[in-house]
Amino acid sequence: MLVKEIKKINSSYKKNWTPKRNEMKFNFEQFSNYILTIEQSSTKTFIKSQDTKICWRSWGEGKALILLHGGYGSWAHWIKQAIPFSKKYKVLIPDMPGFGESDDLSLPHTPEKIASNIADTIQKLISKDVQPIICGFSFGGLIAGHLSYSLVERGINPEKLILVGPGGLGAKRGEMKNMIPRHSKMTEEEVYQAHKTNLEILMMHDKKKVDERSVHIQKQNTDAHRIKSRPISSTDTLARILKKQNIPLYVLWGEKDASVGVYLEDRMAILRNVNNKVRFHVEFNLGHWIMYENEIIFNKILDDIIQD
């Protein structure tokens, strides 16, 4: 029934699509319904941690697969993975503290504090004998490194750590066009165009993949974020925390990841220095938000890594 409902929404989406931007009114309600359809198939739980309350969504049963979203994000960064991976795994996706429906986190906002509070709540979702697989995207990759360390300290040993375009390595950021800020005087059309352009600049290489659904997700995510992730991502905090742990480490990027630019080899060198057994995968012609831009390719890569 869920698959039929999603196909029905997708059909409506294609029917209502028009490339003539000046004739189009962005249907926020339509895309909210799509997201709600995926969300309603999950078990949604609010769990208190030491400093805040975190919203978790879970799908399926089996080996625990924890997915962490990126900066200015929410669980919906993984909207194309939640259902497919729930067929074999217990998929656990939080809104990290200060994002989405989770509560705020007191200042200062540090990766250690964010990860520690997530770890507090994970202990209420899985038992200590479970070895979860942790996968983090962008800023969530940075937090994933801290989360794995925090879990080990609590007696939970992750099986694998998978990082997708992670920040926090101390490497230079790729050069790109300036992002377009949004403000209250913008019309709905101008807000739409700003988010669309920003997704094209940073998140996806193929502009055709920047669809209305991704713009709606981007708008929801940026409206709800309260933690400034970029200053944390510009540090080397991930590299430093990875030095303190010995966990099977996998890192993947889209070849055209705008946040990386020409500095991919620099990132690889840093990671080899902290873990000489790290495994890399670079996927041809894809951008930063690789799991949305081409979920078929990404889902196979992720499943192969899990099975490795």
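Predicted model: local features only at pLDDT ≥ 70, side-chain atom pairs only at ≥ 80, totals over all residues.
Local features require pLDDT of at least 70 and side-chain atom pairs count only at pLDDT 80 or more, while totals for chains, interfaces and linings use all residues. Residues are numbered from 1 along each chain as its sequence is written, and side-chain values use heavy atoms, without hydrogens and water.

Helix α4 (residues 111–122) packs on helix α5 (residues 139–153) at an angle of about 60°, with 8 Å between the axes. Contact (heavy atoms within 4.5 Å) involves, among others, Ile114, Ile118 and Ile122 of α4 and Phe139, Leu142 and Leu151 of α5. By class, the contact residues are eleven nonpolar, three polar and one charged (Ala, Val, Leu, Ile, Met, Phe, Trp, Tyr, Cys and Pro are nonpolar; Asp, Glu, Lys and Arg charged; the others, Gly among them, polar).

In helix α10 (residues 264–274), the buried residues are Leu264, Arg267, Met268, Leu271 and Val274 (buried is under 20% relative accessible area, exposed over 50%, partly exposed in between, with a 1.4 Å probe and protein chains only). They span an arc of only 130° around the axis, which puts them on the same side of α10; the arc is taken from the directions from the helix axis to the C-beta atoms. Glu265 and Asn273 are exposed on the face turned away from the buried side.

| Residue | Phi | Relative accessible area |
|---|---|---|
| Serine 138 | about 60° | 16%, buried |
| Asparagine 285 | about 65° | 32%, partly exposed |

Conventions: Axes fitted to C-alpha atoms, helices over the stretch in contact; angles between N-to-C directions. Helix = DSSP H or I, 4+ residues; strand = E, 2+ residues; numbered from the N terminus.
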